[in-house]
Amino acid sequence: MSWKLNPDRPVYVQLIERITTDIIAGIYPPGSKLPSVRDLAQTAGVNPNTMQKALSEMERTNLVYSQRTSGRFITEDLSMIDDLKTELASEQIKEFLEKMEKIGLSKEDIIGLINKVSEEEKK
Amino acid sequence: MSTILDCRGLTKRYGNKLALDHIDLSLDRGKIIGLLGPNGSGKTTLIKLLNGLLVPTEGEIFVDGKAPGVETKRIVSYLPERTYLNRWMRVSDLISYFCDFYEDFDRSRAYDMLQKLNINPNDRLSTMSKGTKEKVQLILVMSRRASLYCLDEPIAGVDPAARDYILSTIINNYDENATILISTHLISDVENILDDVIFIQNGHIRMQDSVDNIRMAKGVSVDSLFREVFKC
């Protein structure tokens, strides 16, 4: 099953997002080895050249690094992964807040509602 | 040399009808390229020219620096729009046939793909459905280790599941110096595996760009752009 990709956005950008999310989620733990470009391309259902481009870009931002002969590895810099996690979560929250404001809820309403819903889920 | 195909002022006329009008085009090695255009835009004419099945009216075409001929057929693997295989032959016969014809044919790759697609090598083509015949033909073409694969409408007749398998086979098998030229109308099915696309219309190249550049610049998929550009 290939990855779900939005046809209106550049493929390599979405590959970066997906792999970054997997790193944050610990599917690829810090310091671990990434599958080969070909394997990743196969799983994602994309062209290996595009996957290569995505990984090169992630190398440029130091989220992954390559070791000449043995392949690509996830960064061991935990604070970097943590920062990314916060960044990703903040983006999602911003998006969520915008949607809530669109339907006319104030920040206080939203926070109240979040507490209420999460209480209900606990039960 | 990094280009596998070069066209300079390439022109083809059928009587009064101009099918290709002074096309300049070059394709890089190691790319998967979609050749897209409405019906009658010149896609098949271009593919036939590069396989030496047609001769240019004007201009030149070079495959790996050579005019189409015996030497270029050695490195070009071609899937025509229509089948040319003998209906009475068994798949295993066809594989032997291709082995004799092409030095770069990989027999084990072919049998492997047949197995994945549940095709019995002892079946004759005449007993197969249209889709299965197309799969056999594509397996034969993709089992060569060619420098240029030329696929004219490769997935039109097969079901979506087999289409996925075929596309992943293409991704998995193609080596990084090989170029694959795919002519198709099923753009949304293939656009994730393409590097570049060529839009062709009325014998002219309208555009040649990468899928990601198009999506970035226009904010839409290649499929949507095609529908917009070639709106009837």
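**The contact between chains A and B**

Between chain A and chain B there are 11 residue pairs in polar contact, both residues being at pLDDT 80 or more; a polar contact is a pair of N or O atoms within 3.5 Å, where within protein one must be able to donate a hydrogen and the other to accept it, and residues adjacent in sequence count only if both atoms are side-chain atoms. On the side of chain A that touches chain B, the elements giving two or more residues are α1 (11-24), α2 (37-44) and α3 (48-60) of chain A, helices being DSSP runs of H or I with at least four residues and strands runs of E with at least two, numbered from the N terminus.

This is a predicted model, in which local features need pLDDT of at least 70 and side-chain atom pairs count only at pLDDT 80 or more, while totals for chains, interfaces and linings use all residues. Residues are numbered from 1 along each chain as its sequence is written, chains are lettered from A and ligands numbered from 1 in the order in which they are written, and side-chain values use heavy atoms, with hydrogens and water left out.

The contact (heavy atoms within 4.5 Å) takes 18 residues from chain A and 22 residues from chain B. About 1500 Å² is buried between the two chains, with carbon and sulfur atoms giving 42% of that area, which is the accessible area (1.4 Å probe) lost on putting the parts together, summed over both.

Turning to chain B, three strands form an open antiparallel sheet in the order β2-β1-β4, where pairing requires at least two DSSP bridges between strands. Because β2 (17-28) and β4 (58-63) of chain B stand at the edges with a single partner strand each, one side of each is left without a neighbour in the sheet.
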